[in-house]
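Work through the exercises below with the model open. Try each task before reading its solution.

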Amino acid sequence: MAEARFQPRVFSGIQPSGNLTLGNYLGALRRFAEMQVSHETLYCIVDLHAITVWQDPAKLRNATRELAAAYIASGIDPEKSILFAQSAVPGHAQLAWVFNCVARIGWMYRMSQFKDKAGKNAENSSLGLLAYPALMAADILLYHATHVPVGEDQKQHIELTRDIAMKFNHDYGTDFFPITEPVIEGVATRVMSLRDGTKKMSKSDPSDMSRINLTDDADAIAAKIRKARTDAEPLPETYAGLAGRPEARNLVSIYAALAGETPDQVVAAFAGRAFSDFKPALADLAVAHLSPISARMGELMADPAEIDRLLAAGAERANAIATPIVARTYEIVGLAGR
Ligand code: AQP
């Protein structure tokens, strides 16, 4: 039964859970800005996701505004893209409940992000942390989004979103929800920690030296890159020659992403040279890219009322798409409310 025809529509979100990193920028923000040129785009500040682990309320409110500022400073135009906070659109929580009843508990236990974040004490983590991927499926499917740009770490959650859409469609004999495609492209879909090349660069890593924050100043960026873990070997002739050297590969990939070059071009330009030569060039490149973003974020944060106004306008536009989709979902399921 062909109930819906799906226009290409892009949705993605970021948690307002603290310092945004170079990983968030290269894996997500920068690509979001590129996609708004050619697509209808919705970009969300997923504050309901953030509270799956405890957040200080005042800090959460500030982090929401700061993330809105980062979106805009990274090139997202709030007139063109729909930019909003998740909690301002009730449909996210409404659809998430339906998906909690469609998804299976076993699917949630298999998610590697849950295993990583819950750690050894999984029974003591919030129920929301376990159900996180059902809320993420609701975020995406609430807008019938067809494409979701994300970093590599979110691939498993998008696969689960597809499973939830398929099971809903199957259980209710419909094709109301699209089967969404992840968009994981570029050389920096998984930026690694500066202290451990096998771990993702993350805003919640306890070590600030493990990441470059979008708000770091030039001195902090240079110091973090100078102290980034590497090895004593020089750069080889080709990127393939960096096999087994995760920290070195990470720095080369970051350089390539920032410079708009291939990793092979970067390695060729520095072949035979030591990391002590490479690191200052990488630091200059990172500062040149991030300084204007951080300066623009500062300007935007000076007027929080304007950020709130932009987010409210975005929420209104998002609600206009979401409300009929929730109403139709409730009707399909047989719920009395509209
Ligand atoms: N290291 C990374 N490399 C590439 N992409 C990344 N992303 C995150 N880290 C990297 C992408 O950023 C988007 C938003 O992520 P998020 O904030 O919603 O949650 P996350 O993936 O859990 O990111 P963090 O930094 O690790 O946050 P915390 O520490 O709060 O959990 C996603 O598209 C993600 O792929």
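The bend at a residue is the angle between axes fitted to the seven residues ending there and the seven starting there. This is a predicted model: local features need pLDDT of at least 70, side-chain atom pairs need pLDDT 80 or more, and totals for chains, interfaces and linings use all residues. Residues are numbered from 1 along each chain as its sequence is written, and side-chain values use heavy atoms, without hydrogens or water.

**Exercise 1. Check the length of helix H7, then locate its bend.**

Step 1. Helices are DSSP runs of H or I with at least four residues, and strands are runs of E with at least two, numbered from the N terminus. H7 covers residues 127-141, which is 15 residues.
Step 2. The expected span is 1.5 Å times one less than the number of residues. For H7 that gives 21 Å, and the end C-alpha atoms are 21 Å apart, so the two agree.
Step 3. The bend sits at Pro133 and is about 45°.
Step 4. Buried means under 20% relative accessible area, exposed over 50%, partly exposed in between (1.4 Å probe, protein chains only). In H7, 12 of the 15 residues are buried. Pro133 is one of them, as are Tyr132 and Asp139.

**Exercise 2. Describe the surroundings of Asn213.**

Step 1. Asn213 lies in the loop between strand E5 (181-183) and helix H9 (218-227).
Step 2. Its relative accessibility is 3%, so Asn213 counts as buried.
Step 3. A polar contact is a pair of N or O atoms within 3.5 Å; within protein, one must be able to donate a hydrogen and the other to accept it, and residues adjacent in sequence count only if both atoms are side-chain atoms. The Asn213 side chain makes one with the side chain of Asp208, at 3.0 Å. Another, also 3.0 Å, joins it to the side chain of Arg211.
Step 4. Contact means heavy atoms within 4.5 Å. Leaving out residues up to four places away in sequence, Asn213 touches Asn19, Leu20, Thr21, Asp208, Lys224 and Leu290.
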